[in-house]
Amino acid sequence: MSFDPQIPSWGKSFLAKNLDNLTTYHNWLKNTGVKTGLISPKNDQFIWDEFIVHSLYFYKIILDLNISYNNIYDLGTGGGIPGLPVGIVSNENINLIDIKQKRIYELERFISSEKLNNINALKADAQKYIQQEVNSIFLMRCYLPKNDLMKKLEKHMSNNQSNTFIVSSNSNIEGLYKEAFHVKQEKFLINNDEYRFIDVITVK
Ligand SMILES: C[S@@+](CC[C@H](N)C(=O)[O-])C[C@H]1O[C@@H](n2cnc3c(N)ncnc32)[C@H](O)[C@@H]1O
């Protein structure tokens, strides 16, 4: 193994039973993922820390929220980030959504070969879900800038009142839209010394 499959203390339990499956996903990302353009070439440690460990923090947030919901959607999933690692370490039903059919075919092949029956890949426009779904959790990593997301949510406030958006972020929480949304920012380590941010956004 040419990388350290580490995880900071917040995620030790996620690795305990799932290291083999997460390593298989890592291997798939670095081979098929790069070959088919799901991710750009990266070193093994980067793929582990930035794609897998980062994804697992989304699941930690879901657990900590302790809310009831109908569905979990990963919008603009690309190579299954963050939804695939979340589905691997949990029994949650996860819907991976991407607008590109080719990405969905690759994800379907992986899901089927690994028998990940709780994970579904769907070719669709993410907008449809933001407009129509209720009582759902939406995961988004590097899909839409936060301000663009909030503009979209503002157009569909009534259904989004029951939804929760868990979105990769940077360290700045903009003052915009403060009246309409509640934004809670989580800062977490992805390894020994690098921090990342995820915002949990709900309609007030
Ligand atoms: C920058 S990539 C991020 C992929 C992944 N979430 C990650 O963190 O690596 C954005 C993804 O969003 C998808 N996408 C763009 N517009 C979309 C839309 N309207 N609906 C669904 N997916 C979309 C793209 O095909 C691409 O896979």
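Reader: Is Ile-119 buried or exposed?

Author: Residues are numbered from 1 along each chain as its sequence is written. This is a predicted model, in which local features need pLDDT of at least 70, side-chain atom pairs count only at pLDDT 80 or more, and totals for chains, interfaces and linings use all residues. A residue is called buried if 20 or more other C-beta atoms lie within 10 Å of its own, exposed if 12 or fewer, and partly exposed in between, with C-beta atoms placed from the backbone. Ile-119 is buried, because 23 other C-beta atoms lie within 10 Å.

Reader: Which residues does Ile-119 touch?

Author: Two residues are in contact if their C-beta atoms, placed from the backbone, lie within 7 Å. Leaving aside residues up to four places away in sequence, Ile-119 touches Leu-84, Gly-87, Ile-94, Leu-96 and Ile-111.

Reader: In which strand does Ile-119 lie?

Author: Helices (H or I, at least four residues) and strands (E, at least two) are DSSP runs, numbered from the N terminus. Ile-119 belongs to strand E3.

Reader: How many bridges join E2 to E3?

Author: Two strands pair if DSSP finds at least two bridges between them. Here E2 and E3 (residues 119-123) run parallel and are joined by five bridges. Within this pairing, Leu-96 has Ala-121 of E3 as its bridge partner.

Reader: Which unit do E2, H5 and E3 make?

Author: A crossover is right-handed if, with the strands pointing away from the viewer, the path from the first strand over the helix to the second runs clockwise. E2, helix H5 (residues 101-113) and E3 form a right-handed β-α-β unit.

Reader: What is the phi of Lys-115?

Author: Most residues other than glycine have a negative phi, and most peptide bonds are trans. Lys-115, in the loop between H5 and E3, has a positive phi near 55 degrees. Lys-115 is exposed, with 6 other C-beta atoms within 10 Å. Asn-135 also has a positive phi, near 50 degrees, and is partly exposed, with 14 other C-beta atoms within 10 Å.

Reader: Where is a cis peptide bond found?

Author: A cis peptide bond joins Ile-81 and Pro-82, with omega about 10 degrees. Pro-82 is placed in the loop between strand E1 (71-75) and helix H4 (83-89).
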